[in-house]
Amino acid sequence: MHSPKRTARPVARELLFGNLWEYDAAPESSPAFIDASYGLFIGGKWVAPKTRKTFYSISPRNEEKLSEIALAGAADVDAAYQAAAKAFPAWSKLPGSERAKYLFRIARLLQDRAREFAVAETLDGGKPIKESRDFDLPMAAAHFFYHAGWADKLNYVTPGRVLEPLGVVGQVIPWNFPLLMLAWKLAPALATGNTVVIKPAETTSITALKFASILQDAGLPPGVINIVTGAGDTGAAVVNHPLAAKIAFTGSTAVGKSIQRALAGTGKRLTLELGGKAANIVFEDAPIDQAVEGIINGIFFNQGHVCCAGSRLLVQESIANQVLSKLKIRMKSLRTGDPLDKNTDVGAINSRAQLDRIHELVASGVAEGAELYQPVCELPHKGFYFPPTLFSKVSQSHRIARDEIFGPVLSILTFRTPEEAIEKANNTHYGLSAGVWTDKGSLILKMSNELKAGVVWANSYNKFDPSSPFGGYKESGFGREGGKQGLLDYAKLKATF
Amino acid sequence: MRNSLGLRSLIEEIGGVDQVGIDERVAKYATRSIKKHAKVFGLKLATTMVDLTTLEGKDTPGKVASLCQKALRPHDDSDIPPTAAVCVYPAMVKHAAKLLKGTSVKIASVATAFPSGQSSLKIRLAEVRAAVSDGADEIDMVINRGAFLAGELARVQDEISAVLEACGEATLKVILETSELETYDNIRAASFLAMRVLRPGDFIKTSTGKTSANATLGNNQVMLEAIRDHFLATGVEIAMKPAGGIRTAKEALHFLVAVKETLGDAWLNQDRYRFGASALLNDLVRQMVKEKTGVYQAPYTFSESTTAY
């Protein structure tokens, strides 16, 4: 136009994300201090399992054995409950300010040893070190700090009313955020004066077991927290033990339902935090690049092993092509591979079983006619890996739009009007979370009112705060974790006139 | 003359920017771990992208001469490449030309009543022509922020076109002065206003370095995304120059990570990306020497160092 010598070349308008400047391997080198074997942590001591059985925890990054873990049977779980029951009277009668001291101490010790725990979490669970370092560990400590603050203020949770502890609480936690879920469960239980028997998931027991050393260093009275390890049978023993005053479970909806059945008529309290198939809804007036970033974060964070993952993208038809092409560009610079590398964005799938499930559901998506896209990426030969994946042309009746995949797989659906977006978003068994992207504030409020989900993120996704209650609608469970409301699930409310 | 509705409809057309989202995105660049060969490559690349700058009232031909020598040979080690350009005031262009003509180092000159731009268009254009005729290869202009904020978008764009014409063959860098535009929406809108009249290879640039806030990973990202969207829509490759406030090699690498992950390999060269900086060069050199020798050298080891003890 101005200078004829420099006009646009008729280039293929494509960005090249090549290897001109390839990052060198940047493995985190801090030691994780994982013991060769672990017993059960009962009554403040390490004890051998009465079953005399053990199992191995392997690292999904390379399938190598990390540690030999005790397999707790019913007798071991019973010993844990006895220890917790023995500790309960003294612990529950401690002044709140004294319980707070322990919680503060635990939080600070966790901060002190954050790097070591982050490395252990990544080795055992497969999540990228940058996530365990920058999210899991700081957030776990934050939950202890937050609840430490509540311990001496329980009389102000519901003014004029008294919160009394429940007793011994049984907790069963999942493998996607092993230490963070432990913190979510333990911190409110301790703050309100309960004692605990907790079972980590069988593929990710290590950080829970390492956490026992923090409890010892903090001088927590023996029996206040007891850690038993094992798989489903151990979990069933925890859930069905007669001493349990309450069960808190985070995991799959199928197991949650069976727990609810088992507990019916027992008088035990129950909170369930189960699966999700969250809708992430993008309107045409949304800031597209930030929405794309939020979509990426929503589905590929922790390899999609997130109960509130934004696994169903609902995008307004008018911008669907634009969003799809921007998503594809963005996915080209995602780095999938060794979770211990500091530059890895998408790490290892937690287990062989989960990898198989993802493969099966992705195959069903292809078979049902959805269009698959995966960026070119070289995956490690050993270990469990799955490339970031998106499906376009997905309809509501596809399995990949209904079942929780719990992997790095995004299903893209379109809508035309806000009403249709609400219908589609709510057309699911689940109701844990949702995302709304629009520049229009009133639309955010309208959507939030209509969406059947426990958490709605506006122009953001996967934001967590210990002060914000987290929990679901429908088959995503009941009860809340975090916030003032989370305390109520660990206490009996008494009104005295 | 357009009113502010013009700005709103432009933003509607090109899409807005969410500040929280941008800041979250760029925070991830700073967590990239650049080690070993990747670090050396990045440091070297950044060195070749520096527009070594002096823009002071006390600049003299002597000061500019030593700046030119530094640009040609940043360190005794000949493995360390020359910078992309020196950047000086128009009055200093002819002094720089004596040393740099015929070398790989370009002469960039700020013009258009830098840094405020508060002069008549006629005078601003005359300044551009004078700098070019004195030997400037590149002109760093400032946009009319007053006109932009008053909603006179057409005027802003027409003035850029006029300066472009005055440049002739010289490359143009359009300084948006992001701190005065303030919002990311404005920065994106101003980027598009400029890019739509620029030639391939011309630059958009963050700041003059003369206000309190200069280049940040955030405004850099907004502008990189604008360049990407413009390229994908038109095929025109616009170049980018963050300026001011980037003082350490580590920061420079974070900016390059943003380029790599937003625009890709085609922008990782001095024709498509520059750093407007002065102190940055010696830190890049210092880090490169450290990578080679394993130890950090004292500040006085490096010529033109302003850090001493």
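The model is predicted.

Chain A is divided into two domains. Domain 1 covers residues 37-274 and 475-495. Domain 2 covers residues 279-465. The centres of the two domains, taken over C-alpha atoms, lie 30 Å apart. At their interface, 30 residues of domain 1 of chain A are in contact with 33 residues of domain 2 of chain A. About 2,700 Å² is buried between these domains. Carbon and sulfur atoms give 57% of that area.

Polar pairing also links the domains of chain A. Between domain 1 and domain 2 of chain A, 16 residue pairs are in polar contact, with both residues at pLDDT 80 or more. Three salt bridges are found across this interface. Asp338(A) forms a salt bridge with Arg61(A), and the closest N and O atoms are 2.8 Å apart. On the side of domain 1 of chain A that touches domain 2, the elements giving two or more residues are helix 3 (114-125) and helix 4 (129-151) of chain A. Helix 4 of chain A provides the largest share of that side, six residues.

The interface of chain A and chain B comes next. Here 42 residues of chain A are in contact with 53 residues of chain B. The two chains bury about 4,000 Å² between them, with 51% of it on carbon and sulfur atoms. Six salt bridges are found across the interface of chain A and chain B. Lys463(A) forms a salt bridge with Glu24(B), with the closest N and O atoms 3.0 Å apart. Helix 4, helix 9 (288-300) and helix 10 (320-332) of chain A each supply at least two residues of the side that touches chain B. Helix 9 of chain A gives the most to that side, with four residues.

Within chain B, helix 12 spans residues 249-262. At 1.5 Å a residue, its 14 residues should span 20 Å. The end C-alpha atoms are 20 Å apart, which agrees. Twelve of the 14 residues are buried, so helix 12 of chain B is largely enclosed by the rest of the structure. Among the buried residues are Leu253(B), Phe255(B), Lys260(B) and Glu261(B). Their cover includes helix 2 (19-29), helix 3 (36-48), helix 11 (217-234), strand 8 (275-277) and helix 13 (279-293) of chain B. Just after helix 12 of chain B, Gly264(B) takes a positive phi of about 85°.

Conventions. Residues numbered from 1 in each chain as written. Chains lettered and ligands numbered in written order. Predicted model: local features only at pLDDT ≥ 70, side-chain atom pairs only at ≥ 80, totals over all residues. Heavy atoms only, no water. Expected span 1.5 Å × (residues − 1). Buried < 20%, exposed > 50% of the residue type's maximum accessible area, 1.4 Å probe, protein only. Contact = heavy atoms within 4.5 Å. Domains from an automatic or database assignment. Buried area = accessible area lost by both parts, 1.4 Å probe. Salt bridge = Lys/Arg side-chain N within 4 Å of Asp/Glu carboxyl O. Polar contact = N/O pair within 3.5 Å; in protein donor to acceptor, adjacent residues only side chain to side chain.
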